[in-house]
Amino acid sequence: MVTGCSTLQRGRMIYVPPLWPNLGGPRVLRTTQILTLVLCTFSGKTAALPWDLPTKSSWEHQGGLVFIHKESSLYSLPCSPIEMEVSHPTYRWVQDKAASRLFSVTKEGHLLFQHFQAGDSGKYSCTISYMKHGVPVSRTFHYSIFGYHVLGGLETVLLFHSKLCEDERTKRFLQDLQDKLRQLEIKQHCKLQLTDTVCFPSLNNPLDEFIVQVQLEVSLFGPHWDEHCNSQEVEMVTDCYRKTVQHNLGQVQLALTRFFKEHKSFHITGPDIPSSNFTNEFVGFLKTKKCSEGYGQTKQLQRCLDCCIVCPPGMFSPPRTSQCSPCPVGTYSPIYGVALCTPCKDDMITRVPGASSMMDCVNKERTKPAVSVVHRIPVLILIMLSTLLALNFLFILSSCYWFCREYRVSSPRASEMTGRTTRMEMVTSFFRMPRQRPQAGPDAGHASDTSDVDTGASQGGNEEPTDGAPSPAVTPNLAAVTDETTPLLTQEDRKDTF
């Protein structure tokens, strides 16, 4: 039995052999083990003994996003993004949510894609299994693979003259045209697809001559189109793709022009149809920059922001569009890169757009409660608005009522009544004479007269107040104040005034 220290350096486990021999005996061996642990601890290295077993036998890793160009000649995806040196590993590749199929895997565990298509996109997992100290260990790496392509294409318009315009004869002519163009596809590494055909009378001789208009869509991504782009660097290979597209675009245009000069006329004959000729009179080209069907511009690929990315499940992209759209209600899309979504079976519908599985299709009866609730929402809103308006109206009425009540209390009439009462109190207090006791002497008569006047005044003060006069309880107090502050006329002064 041997001991040693181990450390991890650049992803590799380096084993340090022991520096002292085994002297025999369990006591010496135990002491040696303890010293080894102590030395490894003070050296800052993790102690690992040979008989230690791995604490975990399986790991899960997220490998990230992988973008592969459409119709790539050969793309090699390693099982592990990091370099691993293990003895006798085995590799197993699987694709999630897809039917089991055979993959082309190298002995190093690389997954090979040849002529990559949109349907090859998806989620892949690779499990590498090996033995470590007699214990089976496995590592699993997950990848999300998306197809993409750079922009570039060509549309071709062809005009052919013919004596007749019949469906069967035109169909035979189109088949012969596609058969002869197939050799040009192989040579130019492109794809030619017939998109539209129209037959109409000629303007020069509408009774005896017809024109057949044929539209061809040229895709520059045919088999082995990128055979000159072998770089492994991302930026360099993307630049190579762009240059290759521009070069192939000019080459295909020259090849088609040369082809229709050599094939000026197409002779059609057969046992069931009369012989006829289709003569080419015009060839036109239009360079386009649009996504292929099943692809859309999402700017998900940072190194190529104008590239077209494959549409994921639940979305589609019809021809002549450059955006991926969710599948409408009643349809679904379970795979990548579809031009049209699959409709649900009879009497079935999806609850929301963007369904990605047939399991999302449910009976229409299940969706009725949700639809009824949606229809009831406007009614509920109207009821809530009516209630709020009624509450606001009541609040306004109550505010007006309390405002009018407060206004009455502080009205000008009440202020005027208060002023008149104050003036009457002042006048009454001014003319009220204080009572005097009778005095002896010659002035006694005059005193009695004064007492008479004073008595009359007092009697007048005991009468009920009219027109705002103060009450009896308030008048004496005012009189007391007046006696102290107001000068009184004597009898002699009163005679002088008369």
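Analyst: Tyrosine 124 is buried, with a relative accessible area of 0%, where buried means under 20%, exposed over 50% and partly exposed in between, for a 1.4 Å probe and protein chains only. This is a predicted model, in which local features need pLDDT of at least 70 and side-chain atom pairs count only at pLDDT 80 or more, while totals for chains, interfaces and linings use all residues. Residues are numbered from 1 along each chain as its sequence is written, and side-chain values use heavy atoms, leaving out hydrogens and water.

Rings of Phe, Tyr and Trp (its six-membered ring) pair if their centres lie within 6.5 Å, and planes under 30 degrees apart count as stacked, over 60 as edge-to-face and the rest as tilted; by this rule there are 14 aromatic pairs. One of them joins phenylalanine 103 to tyrosine 124 edge-to-face, at 5.9 Å centre to centre and 70° between the planes. Phenylalanine 103 lies in the loop between β5 (90-95) and β6 (104-105) and tyrosine 124 in strand β8 (residues 122-132), so this pair ties together parts 21 residues apart in sequence; helices (H or I, at least four residues) and strands (E, at least two) are DSSP runs numbered from the N terminus. Phenylalanine 103 is partly exposed, at 21% relative accessible area.

Phenylalanine 160 and phenylalanine 173 also pair edge-to-face, 4.9 Å centre to centre with 70° between the planes. The former lies in strand β10 (residues 153-162) and the latter in helix α2 (residues 167-188), so the pair links parts 13 residues apart in sequence. Phenylalanine 160 is buried at 0%, and phenylalanine 173 is buried at 0%. Phe160 and Phe173 belong to one aromatic cluster with Phe259, Phe260, Phe266 and Phe278.
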